[in-house]
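Q: Please take a close look at a single part of this model.

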Amino acid sequence: MKWEGFPTLQVHMAFHLEKPSPSNGLEIPDKLYFRIGEVAGLCQVPAYVLRFWESEFPQLKPNKSGTGQRLYRRRDVELALRVKQLVHVEGYTIAGARSVLNEGTRRRAQHPELPLPAPATALGRSQQDIAVGLNRVRLELREILGILSEESSTAASARRRASTETAKGPTLFET
């Protein structure tokens, strides 16, 4: 039976949601570390949810400052956004999201997506230019190694001096 005089209403149900990128079009600030409040704001979840995710996802391990405050790196923020996408948008359970992330980690370990080195001619450099650059890097690394070994030998000799001085001198409790 057709309803005369009434506009036709068409209802479309979307069964497949578009999968947004982990950052969901969100621009993550270019910072070295983020505090938990900043990450919670970026992910639009309360801070306690992030702490819960840390306990459930072994990949999500922010550093902690001397005062115990969580310091998230950019990689941690991206992972938190990915967890939010899996759980809140795609409808995975925590266990399902954990297995998706573990599978991605396993796949990357088996098939690393490292770029192959291009031949020197493709880069517009000659073999000699590359050798000169490598020698320069080698010299700089040797200089750094020399500085570090000087510092470590100076520290070691200072420790030896301190230990021999305390061994020779009277202690506080000696009479």
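Which residues in α1 meet which residues in α3?

A: The model is predicted, so local features need pLDDT of at least 70 and side-chain atom pairs pLDDT 80 or more, while totals for chains, interfaces and linings use all residues. Residues are numbered from 1 along each chain as its sequence is written, and side-chain values use heavy atoms, with hydrogens and water left out.

V39, L42 and C43 in α1 meet V77, A80, L81 and K84 in α3, where contact means heavy atoms within 4.5 Å. By class, this contact has 6 nonpolar, no polar and 1 charged residues; Ala, Val, Leu, Ile, Met, Phe, Trp, Tyr, Cys and Pro count as nonpolar, Asp, Glu, Lys and Arg as charged, and the others, Gly among them, as polar. Helices (H or I, at least four residues) and strands (E, at least two) are DSSP runs, numbered from the N terminus.

Helix α1 spans residues 36-43 and helix α3 residues 74-89; their axes come within 10 Å and cross at roughly 40°. Axes are lines fitted to C-alpha atoms, for helices over the stretch in contact, and angles run from 0 to 180 degrees between N-to-C directions. The two helices are therefore oblique to each other, given that angles under 35 degrees count as roughly parallel, over 145 as roughly antiparallel, 65 to 115 as roughly perpendicular and the rest as oblique. The crossing of α1 and α3 is right-handed: the near helix is turned clockwise from the far one by less than a right angle.

As for the setting, the chain has 5 helices and 3 strands, in the order β-α-α-β-β-α-α-α from the N terminus.
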